[in-house]
Amino acid sequence: MIKKLITYFLFFILTAGVSAEQTKFEMSAPNAVEMGKQFRLSFTLNERGSNLQLPPGLTDNFDVLMGPSTGQSTRMQSINGRTTTEVTFSYTYILRAKETGTFEIRPATIEVGGDVFESNSLKIQVVKAKQQSTPQSQPQGEGEQQSVDLGGENLFVRVEMNKQNVFRGEQIIATVKLYVSPDIPVSGFDEVNLPTFEGFYTQDIEIPQQINFSREVYNDRIYQVGILKKTVLFPQQNGKITVEPFSMSLLVQQRVRQRSFFDDFFSGVRTVKTTVTSDPVSVNVKDLPPEPANYYGGVGNFNISSEINNENITTNDAVTLKVTISGSGNIRLIRTPELELPTDFEVYDPRSNDNVQTSDNGVSGTKTVEYLFQPRFEGDYTIPSVEFAYFNPATGRYVTKATREHSLHVTKGTDQPGAVVSSTRREDLQLIGQDIRYIKQGNPSLREKGFTFFGTPLFYSVYGGSALLFLALIAVYRKKARENANAALVRNKKANRIAVKRLKTAAGFMKKNENEAFHEAILKAFWGYLSDKLGIPVANLNRDSAVESLQQRNVEEALVNDFVDIIEQCEFAQYAPSEGSEARSDLYKKAVSTMSKLEKQIKK
């Protein structure tokens with residue numbers, strides 16, 4: 001009997017706990033309302049409740065005009081053959097604010113099955129009511145689309161900066177917002193020209209293609225606000241940088257004014273076009289203090305670490321030291337730190353790889369640098385630490401961090417030249433062992449010869465041909481060595497091949513109807529090609545500098561215009577509705593043709 005009572009008690013406790021976890025009681029209301037305007041305060045509950053108590057102190061700041069108005073809705077859902085039913089009970093009140101200000105609405109309470117549940121709390125901002133202004137509307141002829149002025153306070157666009165006094169290289173979040181009065185229905189865009197942010201290195205933050213409007217209070221007025229673009233900016237020069245005004249044309253639905261008594265029967269709405277222009281926005285950029293010797297361009301907050309692939313090797317082995325810089329800031333603009341190695345090491349050019357994420361908090365991620373080297377002689381060596389200094393804009397000072405030292409024990413390898421490499425950097429060692437030929441030791445066997453090949457015409461022919469071939473190989477080797485040492489020349493030669501590969505990637509996106517990825521791939525193809533071909537860093541490459549460099553290379557004006565047209569189409573298409581597969585196909589063909597012509601006309 002006692003065991004049964006204990007079992008029933010535990011079952012009751014567990015059932016009550018599950019029921020308490022599943023009960024949801026939520027309160028909702030607009031986050032901003034106008035003084036004197038009515039609005040709804042709603043409560044939803046997923047179980048039947050009773051004795052609803054409004055939040056304490058609600059009537060101190062708001063008049064309850066009506067309520068509660070109750071309702072009930074049922075939703076059925078079938079997943080994997082299992083059907084579930086969810087019932088929602090609603091309670092709605094009509095309120096009106098008594099005064100302006102920001103007010104916190106405390107939780108309400110309700111009883112469910114003898115238990116009391118609390119809702120969430122809310123904050124509501126009450127602003128002054130705006131004066132009603134109706135834009136002048138003139139009669140419109142059939143098929144005619146007029147341009148109207150809806151007033152600067154009713155519809156406008158602006159660039160919002162989270163910082164306006166920064167250091168050079170410090171990241172800024174720039175948000176392009178469209179503000180629309182709630183009584184103005186915007187139906188679409190006719191022409192969009194978003195800012196280009198000259199003087200900044202930019203990285204776009206991914207936002208939904210569909211613009212979602214939300215309520216926001218600006219200058220004590222309520223607007224429906226939509227975000228058009230979010231960008232992380234890194235100022236690249238000192239002084240005052242101004243984001244120049246930009247404009248866009250929007251399509252707005254407007255009710256047609258009555259012209260006669262019979263218009264009551266045929267009244268409707270028309271679509272008109274209005275143009276809005278932003279105000280210029282300036283950013284004050286301060287210069288950095290004198291740089292320390294180990295500063296490589298980092299502005300933000302970073303850490304540095306290192307790891308080595310092997311500490312016990314032979315003279316035939318290559319070593320990879322991996323240095324990782326992590327944190328938030330201008331990671332892509334950080335130069336490769338220098339590694340001081342003993343003179344007895346064969347050192348190869350380091351490789352770096354960036355892995356960054358761009359979000360509302362800015363740019364963060366890692367920069368990984370791989371240093372490849374090979375000791376020539378046996379012994380014990382110390383790989384020194386890598387010092388890395390960055391500028392922290394929060395403190396206004398440089399911070400120096402360093403990796404740990406690594407000990408390297410090298411033993412004598414085999415007499416055979418070459419290197420045994422297990423890393424992905426094998427291609428960097430392809431010339432090891434070809435510049436020095438070792439003398440093979442030992443006692444060779446001798447035998448007497450009757451006929452001597454020395455002194456014959458064939459001997460001199462073979463000797464002369466071998467000498468010429470040897471000289472030719474030396475010339476080819478030196479040319480390759482010079483080319484490999486000249487990184488800019490290597491990038492110049494590989495520019496077209498890399499660009500063609502990126503265009504093929506764009507073709508793949510085109511077949512999948514991925515509009516944004518397609519246009520972004522074409523942009524990367526052209527900017528990467530021109531950066532490698534013209535020797536201009538991507539950070540300093542923009543439309544004006546590219547056009548100027550192409551003109552200096554005597555590229556035809558028509559071809560330069562084709563390039564500019566492709567860039568403009570891609571930039572516009574990323575923020576405009578998709579034009580369809582035919583438009584993407586035409587743009588792709590034009591991009592391939594323009595790239596081919598540029599390769600022929602740019603002088604190497």
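Are phenylalanine 25 and phenylalanine 43 buried or exposed? I looked, and phenylalanine 25 is buried, as is phenylalanine 43 (buried is under 20% relative accessible area, exposed over 50%, partly exposed in between, with a 1.4 Å probe and protein chains only).

A note on what I'm reading: this is a predicted model, where local features need pLDDT of at least 70, side-chain atom pairs count only at pLDDT 80 or more, and totals for chains, interfaces and linings use all residues. Residues are numbered from 1 along each chain as its sequence is written, and side-chain values use heavy atoms, with hydrogens and water left out.

Next I checked the rings. I found 20 aromatic pairs in the structure (ring centres of Phe, Tyr or Trp, the last by its six-membered ring, within 6.5 Å; planes under 30 degrees apart are stacked, over 60 edge-to-face, the rest tilted). One of them is phenylalanine 25 with phenylalanine 43, stacked at 5.8 Å centre to centre and 25° between the planes. Phenylalanine 25 sits in strand β1 (residues 25-28) and phenylalanine 43 in strand β3 (residues 38-45), so this pair ties together parts 18 residues apart in sequence (strands are DSSP runs of E, at least two residues, numbered from the N terminus).

Then I looked up phenylalanine 302 and phenylalanine 388, which pair edge-to-face, 6.3 Å centre to centre with 80° between the planes. They link strand β22 (residues 295-308) and strand β29 (residues 387-392), 86 residues apart. Both phenylalanine 302 and phenylalanine 388 are buried.

Last entry: ring pairs also join Phe156, Tyr179, Tyr218 and Tyr223 into a cluster.

Definitions and conventions. Helix = DSSP H or I, 4+ residues; strand = E, 2+ residues; numbered from the N terminus.
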